[in-house]
Amino acid sequence: NPENMKEFNIPSKPICINIWMERGTVLPHTGVVFEPQLMWRDAYQPKLLSHKTLTATATKPWSIRLLNTCRIVSMDTAGTICRTKYPLARQNSCLMLKTCQKQEFLLEA
């Protein structure tokens, strides 16, 4: 989504990512709460072999707090994908993740 590209510094072309969930926790004796998050980073590290350097997302991955997630929609049953925003997406293998801040993330498996 073009709005998310600016905020998260995501490239305009589709990228292959590794995605995982970090569970939340409460630290004992302090009461500090860490919220669960959906995290992702680039799967491809082009400079790893030649320059021994990682991309910025390898050390600081993108993330969304799971408590901010409003809806996860399977695009196979929910209708059509906006082809101006997502021209290459295959509808039968996509999920749309929507947050309370009006952010949209299209994930394709």
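## Salt bridges

Let's start with a charged pair: Glu108 and Arg90 meet through their side chains in a salt bridge, with 2.6 Å from N to O. This pair ties together distant parts of the chain, 18 residues apart: Glu108 sits in strand E8 (residues 104-108), while Arg90 is in the loop between helix H4 (75-78) and strand E7 (94-99). Glu108 is partly exposed, at 38% relative accessible area, and Arg90 is partly exposed too, at 49%. Keep in mind that this is a predicted model.

The structure has two salt bridges. Glu35 pairs up with Arg65 in a salt bridge whose closest N and O atoms are 3.3 Å apart. Here, 30 residues separate Glu35, in the loop between E3 and E4, from Arg65, in strand E5 (residues 62-65).

## Inside the fold

What makes up the largest nonpolar core? Seven residues do: Val73, Met75, Ile81, Tyr86, Ala89, Cys94 and Met96. There's also a second, separate core of six residues, with Leu38, Trp40, Trp62 and Leu97 among them.

Take a look at Met96. Setting aside neighbours within four places in sequence, its contacts include Val73, Met75, Tyr86 and Phe105.

You'll find Leu27 in the loop between strand E2 (25-26) and strand E3 (33-34). Its relative accessible area is 35%, so Leu27 counts as partly exposed.

Notes. Residues are numbered from 1 along each chain as its sequence is written. This is a predicted model: local features need pLDDT of at least 70, side-chain atom pairs count only at pLDDT 80 or more; totals for chains, interfaces and linings use all residues. Side-chain values use heavy atoms; hydrogens and water are left out. Helices (H or I, at least four residues) and strands (E, at least two) are DSSP runs, numbered from the N terminus. Buried means under 20% relative accessible area, exposed over 50%, partly exposed in between (1.4 Å probe, protein chains only). A nonpolar core is a set of buried Ala, Val, Leu, Ile, Met, Phe, Trp, Tyr and Cys residues joined through side-chain atoms within 4.5 Å. Contact means heavy atoms within 4.5 Å. A salt bridge is a side-chain nitrogen of Lys or Arg within 4 Å of a carboxyl oxygen of Asp or Glu.
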